[in-house]
Amino acid sequence: MKRVNRIKEVKDLLASASRRPVGFVPTMGALHSGHISLAENAVKACPQVVVSIFVNPTQFNDPEDLKNYPRNIEADIDLLSTVLRENDILFTPGVNEIYPEPDKRVFAFGNLEKVMEGEHRPGHFNGVGQVVSKLFDIVRPDMAFFGQKDFQQLTIIRELVRMTKSSVDIISCPIVREKDGLAMSSRNILLEPAIRKEAGIIFRTINSAAERLLKTDIPTLKREVRVAINSTPGFALEYFEIADDAELKPLLSASGLIPGRKYYACIAVRAGKIRLIDNVEIPLV
């Protein structure tokens, strides 16, 4: 693979190669098997792949979270070298390369940015819109690969594509999990050992709730999820919602299910000092 830091270098390499379709995997580094699965899917589908590593400051509403976000570029390079081919590109820009001046653009995502993550992380999705739109303009991908773990982000990015009239095809890839069910995340390495040992409770709880949606009313499910998480030492529930994949409107009752839509049980948990999110699709048949 070819590693570059400058926007012009990426554009020049892509122009000289002229391979289509171009697959793109944007990441913030601290790579794990989940990221590698995205790169593998891109390599299978596209003769030219670009992977970016950029910790985007505009999507962090907590300065401490930005400061503490794990970074290990050499380990990331080693992992990617097992997947990417000779002519694939690793793009590792600095902040000044992506933001030579402050990005003052404001994206109106409506209700999509007001619920769940949007409610608890104000400004987060506007930062996502800023960086993803910039990266799409640089790479001009035909296909972009994102993990299903960031369920709400996927919906936001699809809306971004619609708003900007982009032709990129957004590919959703399944969540990769640890043996105990914990969704792989760059933040997992920051978990204290005692917290990590119990972290499988997150997946077990939402998976159980998802399976019982059609048999249990949602207020009861929410109470049970809250009790299960909050009764685990060191864990605190931030939110649990069941939402569709189109409007992200939290479901209040199973009677509100709209035929033809997919629904997901979505959760955010404080696990010790680290905030984790997860989701599972609701089985409706």
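## A walk through the predicted model

Begin by selecting Phe 24 and Phe 136, both of which are buried. Keep in mind as you look that this is a predicted model. By the rule used here for pairing rings, the count comes to five aromatic pairs. In the pair formed by Phe 24 and Phe 136, the ring centres lie 6.3 Å apart and the planes stand at 70°, so the pair is edge-to-face, the word used for planes over 60 degrees apart. If you colour the chain by position, you can see that this pair links distant parts of the chain, since Phe 24 belongs to strand 2 and Phe 136 to helix 7 (residues 124-139), 112 residues apart.

Next, select Phe 151 and Tyr 264, which form an aromatic pair that is tilted, with 4.5 Å from centre to centre and 35° between the planes. This pair also links distant parts of the chain, with Phe 151 in helix 8 (residues 151-164) and Tyr 264 in strand 8, 113 residues apart. Phe 151 and Tyr 264 are both buried.

Strand 7 and strand 8 run antiparallel and are joined by nine bridges, and if you select Ile 242 you will find Ala 265 of strand 8 standing opposite.

Within helix 10 (residues 201-211), the buried residues include Ile 201, Phe 203 and Ala 210.

Finally, return to strand 2 (residues 22-27) and select Thr 27. Is Thr 27 buried or exposed? With a relative accessible area of 7%, Thr 27 is buried, because the cut-off for that word is under 20%. A polar atom of the Thr 27 side chain lies 3.1 Å from the backbone nitrogen of Gly 29, and a polar atom of that side chain lies 2.8 Å from the backbone oxygen of Ser 52. Leaving aside neighbours within four places in sequence, Thr 27 is in contact with His 35, Val 51, Ser 52, Ile 53 and Phe 54.

Terms used: Residues numbered from 1 in each chain as written. Predicted model: local features only at pLDDT ≥ 70, side-chain atom pairs only at ≥ 80, totals over all residues. Heavy atoms only, no water. Buried < 20%, exposed > 50% of the residue type's maximum accessible area, 1.4 Å probe, protein only. Helix = DSSP H or I, 4+ residues; strand = E, 2+ residues; numbered from the N terminus. Polar contact = N/O pair within 3.5 Å; in protein donor to acceptor, adjacent residues only side chain to side chain. Contact = heavy atoms within 4.5 Å. Phe/Tyr/Trp six-rings, centres within 6.5 Å; stacked < 30°, edge-to-face > 60°. Pairing = 2+ DSSP bridges.
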